[in-house]
Amino acid sequence: MSSLRRVLSLISALIALIPAAVVANAAAAFAVDPATASSGYAAVIRRTAHGVPHVLAANLGSAAFGQAWAYAEDRFCDLADQVVKVRSERSRWFGPGPDGANLASDFAYQSLGVVARAQEQLTRLTAEERDVLNGYVRGFNAFLAATGAARVPGWCAGQPWIGPITAVDVLAYQRDIALLASGNGLVGPIALAEPPGSAAAALDIAPSVTVDGLRTITGEQPLSSNGWAIGADRSQTGKGMLVGNPHFPWEGELKFWESQVTVPGVVNVYGASLGGIPGVQIGFTDKVAWTHTVADGARFTFYSVDLVPGAPTRYYVDGVAEAMTGKTVTVKVKQPDGSLQNVTRTMWSTRYGPVLDLSPIDPSLGWSDTTAFTYRDANIDNDRLLRVWLNMAKATDVNGLKASIGRDQGIPWVNTVATDSSGNAWYTDSSPTPNLSASALAEWASNPLHLLNGSDSRNAWVAVAGARSPGLIPFAQQPQLLRRDYVFNSNDSHWVPNAGKFLTGFSPLQGAEGAPLTARSRQNLKLIGSVARFDLATLGTTILTGDSLTASELTGYTVNACRAQGTRPVVVDGVSVDVSAGCTALANWDRKFDPASRGAVLWRETIGAVLGQYPDGLTAAGPLFGVAFNPADPGRTPRGTPASPTPLLQGLARAVLRVRAAGFALNVPLSTVQYTVKGGQKIPVPGSTELVGIATMAQYSPAPGASLEPFMDPGTFAEGSELTDKGYVVNYGTSFLLTLAYTASGPSAKCILTYSQSTNPASPFFADQTRMFTNKQLRDCRYSEASIGADPALTVKAVWG
């Protein structure tokens, strides 16, 4: 059959699957130009309200083609930019970058070998994986060919680095996504590492590149989320329910994108995904639903190695000398005059992985004559991202989902929270985790950096049967829990997936056990416990409540204390502060973090100021709570009012000074201060930082991703505060919010993509959902054919190539 006839045949088959009324209203969308039809990939993209694409295809390759085309229509620049990154071409197009960030990225990705690993992975793909990958690449490129580089939507239009992508590019970027909690944050230390006495010129990479990267992988700037799976015992339908509430960046390449992918008889999945990974990573089918939360454990281990005297690229293991592996790397660097200069250096690796220069955080952690530092990565050989979510979408219940996760072992750095139409609720942390011996675990726990002596082979990862790769903990030995009431996770470790059931006895590299929960985790437990049996509407109103743990427990106490204080000043930092006006503002506050709330800004600054003085104030008795943490009751401790109001009064005094210094009234509405910027317009955002103990997060991240997309200006931060002269500029928090209930007639879901579907300011879907989110308004997730066909905003078109 010719290419054109095959395309026509596929499209005819797809038309037969769409309701007749829809076809009649969109017949022109199916006109095929014989001059452009070529390879046989064909899909129908139906967009419903808010631009959500529902991709229909006759096979998985064509479905991936259609999904990539639709993604490119909305977010072309996000993936195109990341392809430049993994190719180590940032310096080629943009020069060394601010603080040398592009140089660090280019050299580190060459050292990590993401492209070489992708080339090797390409030879091992299953037929299904290859079909999906090729379809995705072809769809992205077909959109580019049809649109032209000058007219692609978004911030990168017309840039000279735009061009077709390859299967290797996509696999390399998937490997990069797998490294998000490990090697992705170590580009600075990898690029800087040079043996002492090296003749190579030092790279001009600022310490901030190392410090900022380490903060992203050590939990100081966490990617976070809430996930609830409600089982039959807590569901009004007697079937499963889900809340998927990932807190992810609103800018950069890590923005979620919403779609539905349908291949009749094969897969029908709805949800959110990251660019470059076909399918859906958080979502649901007609029988099973799941979400993910960033896991608390370790995805890598640091090592030191003792060097052979006089030979800084040779090191000892058990007293035997071993040579490092050197790889010569050349990076093209754009100069101020536009010319290109080659920069060449040798990148060194041990048996564990790349050598690191950690001296920007501690001068003793640099490469010396006696010691070098290196690391081993649990996700560097994770080549399962393409298949794991595809197989999850084929599962028909929680047990099938569990089987697919256990078989593929490709979930890179997240917990999974899932439910099904039978009313099961399941939790697991299946993230790739190093398997260490008892002695190595003791050494790992003995210092803040968790540094192991790599010259002692007893600290090597232990290979056991059943693991995806030698040295990882097998899935069967990782935390898991099946319930009929509920399971949840809000980025604390595995040990409290349910208020009445603790998971213990697992490796500390999976996460801490017996440790205090964050205020956000405790608030999630409180919210789940506040409803006897959930329905779909209650799921949404509960997760989006403006209530917070600290406000509900401490506002009344603080108001009483400051009323007792009267007009007597509170002295902080040598300044006398009359807190009575702040007391009035808090007394009149509705104790919520909704846009109309007056007093929310003052309370956020009060708690922030207390924690600035007492960093463990939320997890130990003292400045905020009177009852100490009890590991037998982690959801409700610490609790109770503190013995002395002084820390809270001092926090309030500092907050009064900060709010006034920023130019705001103490009772300013949250909507005036907290917003995101879309197309130059300020759009108010509900929620707050997790430090106040709220489920709905809204804050600013200085490093929302590795994209070169221009980011929002947050203003100038005052020391110890996130309140700037611009207010609270939001670029991180609740992203794709999914609430779902299985019913007798199938899945019923409401959701919102808070920053909207398109990054193109000219698109009607650039800010529409963001404005809805101001009012915490969810919308229907149209899953069934009847629901899609009934949408008044429906558009339909065929794509092929």
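Trainee: How many aromatic pairs does a search of the whole structure find?

Mentor: The search finds 22 aromatic pairs. The model is predicted, so local features need pLDDT of at least 70, side-chain atom pairs count only at pLDDT 80 or more, and totals for chains, interfaces and linings use all residues. Residues are numbered from 1 along each chain as its sequence is written, and side-chain values use heavy atoms, with hydrogens and water left out.

Trainee: What makes the pair of F300 and Y375 edge-to-face?

Mentor: Rings of Phe, Tyr and Trp (its six-membered ring) pair if their centres lie within 6.5 Å; planes under 30 degrees apart count as stacked, over 60 as edge-to-face and the rest as tilted. The centres of F300 and Y375 are 6.1 Å apart and the planes stand at 80 degrees, so the pair is edge-to-face.

Trainee: Why is the pair of W495 and F502 called tilted?

Mentor: The ring centres of W495 and F502 are 5.0 Å apart and the planes are at 55 degrees, so this pair is tilted.

Trainee: Is W495 buried or exposed?

Mentor: Buried means under 20% relative accessible area, exposed over 50%, and partly exposed in between (1.4 Å probe, protein chains only). W495 has 4% and is therefore buried, whereas F502, at 27%, counts as partly exposed.

Trainee: Why does Q174 count as buried?

Mentor: Q174 counts as buried because its relative accessibility is 3%.
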